Amino acid sequence: MHNSSKNIITHRHLFYIAVIVISIASGFAVTLTPPYNLIPFGVILGAVLLFTIFKYPMVGVYVYMFIFFFRPQEWTPIQLPYEKTIALMIIMTLLMHITIRDKKFDLFLIDKAFLSFMAVCFISILFSGDFQYSWDNFFLFFKIFLVYVFASRIANTPKRFNAIVWLFILSQIFLAVTTTYYYYTGGARYSMGITRAVGLAGAEGAYSDPNSVANSLVLGIPFFFFLIKYYKSTLVKILLVSSLGITFWTIIITGSRGGMVGVILVAMLLAYTTKYRTISIVGAFAMLAIFIAFMPSQDRERFATIFKIYEKDNTGAAESAQGRIDGLVKGFVFMTQKPIFGCGIGSFKWENRHQYGIWLDAHNLLGKLMGELGIMGLLTFGFFLYVLFKTIQMLKYLYHKYKWEYNFERALIDAVLYSLIMLLFQGLIGHNLFRFNWYINACFVVIIDRKSVV
């Protein structure tokens with residue numbers, strides 16, 4: 001028997017209904033006062049973005065990581081909360097892609113280590129003196145975890161991986177160029193007795209601290225170095241070499257002593273990796289001497305105070321150095337008081353003020369880790385680092401064993417390794433436990449470790 005029944009409502013009907021509803025709503029919305037009259041355009045763009053991300057999930061990853069790396073919400077004049085809105089849309093759509101289309105989610109050992117550390121961070125909120133403050137800090141850290149998850153799962157081809165890495169590289173160039181421009185156009189800040197460069201967004205941005213700018217730029221130097229070694233294109237080499245030069249100069253004008261020591265250390269380490277080590281090390285010292293010769297006198301004087309821990313001066317160098325020692329000691333004290341999960345993620349400053357009357361962070365990686373996350377934090381973060389370095393070691397062994405060519409992924413392995421070494425060094429003088437570079441580096445390692453890339 002012929003079945004004459006048919007669907008009364010089809011996908012085409014639903015599309016027409018959606019268009020009609022949006023059109024009617026738009027007609028009413030345009031009569032509203034700004035910025036509410038822009039709502040229809042936001043809805044339309046949102047719908048297009050949702051469809052595009054679901055069909056081409058890598059577009060969502062690119063958009064999300066552009067926001068994450070470049071932070072346009074901090075330096076653009078638009079005052080709408082588009083960063084959170086777009087991020088939420090992308091998160092939901094990518095989750096749908098993973099659960100509905102891929103229907104699988106492989107867990108690697110690095111994933112498990114990171115998840116264990118995340119779990120400790122979450123549980124530590126319960127032991128915080130200020131629950132809301134710790135929750136806010138955990139949520140900021142959770143966004144880094146999402147970047148790690150999405151990029152490591154969806155950037156699963158060499159082309160996608162290259163694009164993600166170049167987004168990070170371009171964000172480093174952007175930070176160096178805009179910080180220098182802001183410094184010479186009236187955006188400098190006077191602190192510690194000198195005039196210092198800060199990020200483009202000034203006091204309102206993530207790079208409002210000169211030390212944060214310098215440390216971020218130091219971590220990008222290994223990527224510039226090894227990509228210069230990998231690329232054969234003259235234009236790309238010129239771009240990377242010039243970017244490296246402006247990166248060095250930006251670090252100088254931040255007035256960050258730790259940043260300058262970081263430059264010296266990373267330059268020596270990278271020079272040691274070359275075929276002609278002695279010549280490279282001498283050349284690195286010569287380049288640093290040239291930069292020091294041309295740096296502002298105020299910065300030379302500040303760098304000279306690096307070892308003056310107990311001498312008082314107008315730069316605050318002694319207090320700064322002593323604060324790092326105190327941060328380590330107080331971190332141990334906080335851990336003895338709450339040994340298992342510490343005083344709560346992000347709560348070192350709160351606990352410091354509560355017990356010592358000083359709203360000051362640890363300025364020390366180990367002090368922050370012990371104080372905020374206790375023994376469980378030490379174990380899980382230590383395991384995370386162990387797995388990360390072991391995976392890098394394994395990948396280098398495979399390249400050596402099978403005599404694979406020195407390709408883009410091999411260059412990234414070296415860049416990640418030395419970036420991690422510099423993160424550990426910076427941890428001696430800064431509380432960089434939740435700095436995104438740890439986890440973006442882990443993301444790069446996971447992608448390289450997958451068979452689809454290597």
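**Close-up views of a predicted model**

**View 1. Helix 3 and helix 8 run past each other.** The axes of helix 3 (residues 57-70) and helix 8 (residues 158-187) come within 10 Å and cross at roughly 20°. Helix 3 and helix 8 are therefore roughly parallel (angles under 35 degrees). The crossing of helix 3 past helix 8 is right-handed, a term for a near helix turned clockwise from the far one by less than a right angle. Axes are lines fitted to C-alpha atoms over the stretch in contact, with angles from 0 to 180 degrees between N-to-C directions. Helices are DSSP runs (H or I, at least four residues), numbered from the N terminus.

This is a predicted model, in which local features need pLDDT of at least 70 and side-chain atom pairs pLDDT 80 or more, while totals for chains, interfaces and linings use all residues. Residues are numbered from 1 along each chain as its sequence is written, and side-chain values use heavy atoms, without hydrogens and water.

**View 2. A nonpolar patch lies on the surface.** F122, I123, L126, F127, F131, W135 and F139 form it, with about 690 Å² of accessible area together. Patch residues have over 30% relative accessible area and no salt bridge, and nonpolar side chains (Val, Leu, Ile, Met, Phe, Trp, Tyr) are joined within 5 Å. Areas come from the Shrake-Rupley method with a 1.4 Å probe, and only the protein chains shown count as cover. Helix 6 (109-124) and helix 7 (131-154) each supply at least two residues. Helix 7 gives the most, with 3. F127 sits in the loop between helix 6 and helix 7. F127 is partly exposed, at 36% relative accessible area; that class lies between buried (under 20%) and exposed (over 50%).

**View 3. R71 pairs with E74.** The two form a salt bridge, with the closest N and O atoms 3.8 Å apart. A salt bridge is a side-chain nitrogen of Lys or Arg within 4 Å of a carboxyl oxygen of Asp or Glu. R71 is partly exposed at 22%, and E74 is partly exposed at 25%. The whole structure holds 6 salt bridges.

**View 4. E372 pairs with K368.** Their closest N and O atoms are 2.7 Å apart. The residues stand 4 apart in helix 16 (residues 365-401), so about one helical turn separates them. E372 is buried at 0%, and K368 is buried at 4%.

**View 5. K396 pairs with D414.** The closest N and O atoms of this salt bridge are 4.0 Å apart. K396 lies in helix 16 and D414 in helix 17 (residues 408-426), so the pair ties together parts 18 residues apart in sequence. K396 is partly exposed at 29%, whereas D414 is buried at 7%. Elsewhere, salt bridges that share partners join D361, K368 and E372 into one network.

Methods
Patch = residues over 30% accessible without salt bridge, like charges linked within 9 Å, V, L, I, M, F, W, Y side chains within 5 Å. Buried < 20%, exposed > 50% of the residue type's maximum accessible area, 1.4 Å probe, protein only. Parallel < 35°, antiparallel > 145°, perpendicular 65-115°, else oblique.
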